[in-house]
Each structure stands twice: as C-alpha cells, then as structure tokens.
Amino acid sequence: MSSLQALCSGLPLRPLPENRGRWAGVPHAPVRTPSLSPAEEQLALRNALRYFPPDVHELLAPEFAQELRLYGHIYMYRFCPDVKMRAYPIEQYPCQTRAAAAIMHMIMNNLDPAVAQFPQELVTYGGNGQVFSNWAQFWLVMSYLSQMTEEQTLVMYSGHPLGLFPSSPGAPRLVITNGMVIPNYSSRAEYEKLFAMGVTMYGQMTAGSYCYIGPQGIVHGTVLTLLNAGRRYLGVKDLTGKVFVTSGLGGMSGAQAKAAVIVGCIGVIAEVDKAALMKRHEQGWLMEVTDSLDHCIERLREARKRKEVLSLGYHGNVVDLWERLVHELDTTGELLVDLGSDQTSCHNPFNGGYYPVQLGFTEAQSLMASDPAAFKHLVQESLRRQVSAINRLAKENFFFWDYGNAFLLEAQRAGADVEKKGTNKTGFRYPSYVQHIMGDIFSLGFGPFRWVCTSGDPQDLAVTDQLAASVLEGAVADGVNPGVKLQYADNIRWIREAAKHRLVVGSQARILYSDQKGRVAIAVAFNQAIARGKIKAPVVLSRDHHDVSGTDSPFRETSNIYDGSAFCADMAVQNFVGDAFRGATWVALHNGGGVGWGEVINGGFGLVLDGTQEAEQKAKMMLSWDVSNGVARRCWSGNQKAYEIIRQAMQDDKGLVVTLPHDVADERVLSQALRP
C-alpha cells in the first residue's frame, strides 16, 4: 500500500502501477454518452496523454481509448492509488505549510469511499460532482501541495492543476475554478463533450472545492426545512406522527433519513440503488429497509398510528410509492402522507440522476448507455407520472416542495402539470424550499457554516461543539434581534444534540446554521482555543456554497428574489473575489451545482484557523463579507427582513455603507407613467 509520502511524490511512472481497472464491490458512475466525433475522440486521448512522457504513450493510449469508449470518460483507473483514502490527521501529510496539509486532508475526505458516491470515478456526490477529472490530476495536486510555500498559490482549472505561481503570504494558497464555460456554450450537450475531452468539469458545489463533509453537510438544513415546513404548512411545532415522503439516499440526499429522525417524524425514502440504501443503513442513518411496497405501506400505517419515530428506506422507485399513496387515498379515503419532496439528482436526469419507473435499476443503466434517446423518453414519462400522483395528493391536506434539485424544472421540460399561472418563469405550482422556507433564513444572514477538525480527533470536535453552543447562548443572553431569536434557538438545540445523533461520516466535521455575528464569534473562539492548546490542530472553516451569498441560482438559492435579478450572477462572483482578498486560504467558483450545469454560478472557500493573530483577523474580515454581501443583495431586491438586518449591521460597523432601496409601492405612479 502506498504511503502518504509516496502519494506526494508525483505521478508514479517508474514503474507504472498495475492496471487493476474498475474495482469490484464499490459503486461506479453510470456510463456517459458524450457522442464524440472521431476527431473529438482523438483530442480527448491526446489531452489525457499529455500528462505523461512519450515513452509510456504506446502502452497507455489503447488503455485510455478503451476507457473512453466503455465509460464515456478517461478516468485513468491504472493510477487510482492503493492508499486507504481518508482524512488523515494533518501532521501526517508531508507539507511545508499547514494550509497545504489542511487542503490535502479535505481532498482525501472527499474521495473516502465511506463519503464519496463513486470514489473510483472521483465523484463525491450528486451523481457527477467531481473532485478531479482523472487520477493524474490527483497525483499532481498532492505533489504540488507538498512543495508549496507561503509565497505560492496553486491554480486549478476545472480539475487540472495549472501549477504553482508566486504570490504573497496574504493571498489564497489555492484558487479553483470549475466549469467556467463561455455562456453560449454552457449547455448540457456541450458539457458532456467538454468533460469527455478533459477540458472542463462539473464540481457540483463542495465536491470540486474540497469542502464536502458527508451527508451531515445537508442534514442540518433538512432538519430546519422540515421544522419550518411543519410550522408553515401544517401549523404545528411538533412533527410526531407526521409522515414525510421523498426519494434519494445517495450523496447529500442520504441526510433525509437522519433529519426525519431528529425532528421526530416518520420519514419514508425511496431509493432504486440498493448499494446506496444499504450504505446508509449500515452507517446508522436509516433505521429500517424494505423492498416490498405492501410492507412499506403497512409499516407506515403502523408507525403513524403509534406515533413512532421512524426512517424507512423503500428499495424501489419513488413513482411506485407516490402512485400507491394515491391508490390508498382513492380506495380507503386515508391520506397517509403530510409532507413531501424529492432529492433525486434531477439536475442530471438522463445520466443516472433520475431512474424511470418503467425499468429496473440494471435495465435502466443498460438503456442509458445503449439508447440515450429512448432512456430520456422514459425519464420524462416517469416525471409526468410522478407529478400526476403528487398533484392528486396535493388536493388534500398534503404539502410538497421542490428541494432545489431541478425536479420541477425538469418536470416542466417533460410536459408535466407544474405550471403556476400568473407567475414569473421561476415560479411553479409548488414552491422551492428557498421560496417558502430557507429564503427567509438566508435573508436573516443564516446559512450552512461548517468546520473540520484536522487532528481527526473526536475530542477536538466535542470541544468545538461546546464552544459554538456557548457562543450562541452568549449572543442570545446579550440580546439579539427578535427576528432571529427563533433561528438561534433552533441552532443551539442542534449543536447541543449533534453528538448524540452520530452525524460524522469521514472527517471530524460539524455544520451549524449561523449568521454573521455568530460565525465571526465562533471562529474567534476556535482560534483562541487552538492557541491555548484546547484544540490540538488547525480547524478548517468553510460552508456549503448553498448559502446566503455563495450562489446565484434562479430555481433555488435566489428563487425568492423578485426584482428581475435572479438570473444574474454578480453576487456569487463578487463573493469569490471578495473572499480571496479578505483572507480565505482557498476559494472556488463553479458553474453548476444543485440544479445543474448552466443553471447556476456558485462559490465557496476554506479558511484555516491555526491559533495565530493573523488567522483571527482574516476570519473577522472574510466571514463578515461572506455573509453581508448576500444580505445586502437581498435588501436591495426589496426583502424587508434583509433590510432590517443590514440597517442594524451598518449601525454596528461604521465601515459598512450599503445602498438602501427606497419604497416603490405606489402602483398608481407606475401605471400612470406607463399609460399608452
């Protein structure tokens, strides 16, 4: 087995490693169908071979060509390392800087088989969220990071390490861009070609920015979504006995089962891939599994009657489940579901993100590769059936929302009945969870802040949990805006109970929704604890790109912005740039993520706290901007909650001066001015 030292020594060429091909016993990415021309195939092969000296081309060329034709992409399986892929304690990485070692820790976590969806294809989550495009890139990045000094920055072009370039100690150590394709060429079909040729990459959100923390990364947001859905739709604070039906147990969707248990409801989650379902069951994120629809309904009824807390995984297609719920309603008059959503990877519906109900899992994968047009037809028919069943249930006291996975967008494109008359083009029959639930939370400045203890020691994570809880409780004691008091209460409860829910998969990480004030105070507390030795090693601060300021996405993060700017990406780009020069250790900017390629621009960061005064100053400066940028944007779009938060922030910080909108509510003035 390779050592970490060997892993940082550059591409293994003398001798070449054995080509073991695809591993048995681990999930693999679906076969891609890029439809390359002969000239494009040759270009893809040429692009792959340029990582290697000419004397090995004769051996590697036919091997890479076979991968391209069999799988639709050149992953370079021969170079998949035999080291156990996981987040090792930071001191074990052979680096010149702690920042570089922290980045290595994060990269290897993203590729840990316990964390990654398709580890040998370098896919972390979402069906196609790549860490790198091929294994040569991984080896080169690890080598560059081991060499890097505090006066160099590693530049990444869509998985490709362009190289180390001179910079300054205050500059980011790593700058990542993924999928930055000229807008007119940012189509799904063009992406498949460009990815196959090895020149661009879909980094999802935290896959390509090296900041994924396993399904925990979304479980807290799912908890908040369910709690607030109960308050808004059902008028209840207690979800005991309520039934939540959804689909997806793969990458981030695996959080749904755990979230259902945490809020105390009955969660029924359909999953077509048995390996994904069993992985969550074995990790303790899913209480029970069944492949019988009859047993699923029987167990649901029983749990509902007894008001049990239950997460039940149904091994089957969610369309069958929705249609069975309709059948039960129509034949017995009993509505067995209260809340519903969908977390299939519908941003990628024709390449393994959504499986049609007409076919079994294996049959679907075969058709996807052999006849993409026929597969697409079945997917769209399946989407229409799914929406039809949901629409029937929604006539009763059942509430459905889009979870930002492009489900309603793809259903609309398939001709399903999801139109909402008299609305703009981001509006559908059902709201996105941002429009009705999380959008208000973002407007208050709360979002998915997270951290990773690079020591790998659970005790360090326990210390950070205690510190974070104390910081938030102290903020409440000192007095907070009444509009955010409920958010603080939800998050204090979350962090106090986090350890008992056994959320860690992979690195010793935690997620916590917090506002600007909370994030800065938590960062300062962590940094001081590192300086005093209470935390044994640096802590990496990060967040999901799905945050207050990180993402411009008209069908998700910015779907509740109604001034016409929902399709503009200034916020995410400005955030990326602003984080870079305010102290981030690394920054990333991506095309795609969540709702899919060409539908969103998003960015993220990593910030290493090492106990120094410089780290504290960077955290204060960068985290303040990272939140206030998005709140100010929402304020300008007319959001009253954001307006109040920004007004208060300007009073607290005289260096903050934001352009505030004036009220333009007089329809008479507008009507008269526009009279023909």
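## A guided tour of the predicted model

Select glycine 445 to begin: this residue, just after helix α16, takes a positive phi of about 90 degrees. Helices (H or I, at least four residues) and strands (E, at least two) are DSSP runs, numbered from the N terminus. This is a predicted model, in which local features need pLDDT of at least 70 and side-chain atom pairs count only at pLDDT 80 or more, while totals for chains, interfaces and linings use all residues. Residues are numbered from 1 along each chain as its sequence is written, and side-chain values use heavy atoms, with hydrogens and water left out.

**Helix α16**

Next, select residues 433-443, helix α16; nine of its 11 residues are buried, so the helix is largely enclosed by the rest of the structure. Buried means under 20% relative accessible area, exposed over 50%, and partly exposed in between (1.4 Å probe, protein chains only). The buried residues include Tyr433, Ile437, Met438 and Phe442. Contact here means heavy atoms within 4.5 Å.

**Helices α20 and α21**

Axes are lines fitted to C-alpha atoms, for helices over the stretch in contact, and angles run from 0 to 180 degrees between N-to-C directions. Angles under 35 degrees count as roughly parallel, over 145 as roughly antiparallel, 65 to 115 as roughly perpendicular and the rest as oblique. At this contact, Met571, Gln574, Asn575, Gly578 and Asp579 of α20 meet residues of α21 that include Met622, Trp625 and Arg633.

**Helices α2 and α3**

Move to residues 38-49 (α2) and 57-71 (α3), which pack at an angle of about 130 degrees with their axes 10 Å apart. The two helices are therefore oblique to each other. Among the contacting residues are Leu45 and Leu49 of α2, and Leu60 and Phe64 of α3.

**Cysteines**

Finally, select the cysteines. How many disulfides does the structure hold? There are zero disulfides, a disulfide being a pair of cysteine sulfur atoms within 2.5 Å. The sulfur of cysteine 296 lies 14 Å from the closest cysteine sulfur, in cysteine 265, which is too far for a bond. Cysteine 296 is buried, with a relative accessible area of 0%. For cysteine 453, the closest cysteine sulfur is in cysteine 211, 15 Å away and likewise too far for a bond. Cysteine 453 is buried, at 1% relative accessible area.
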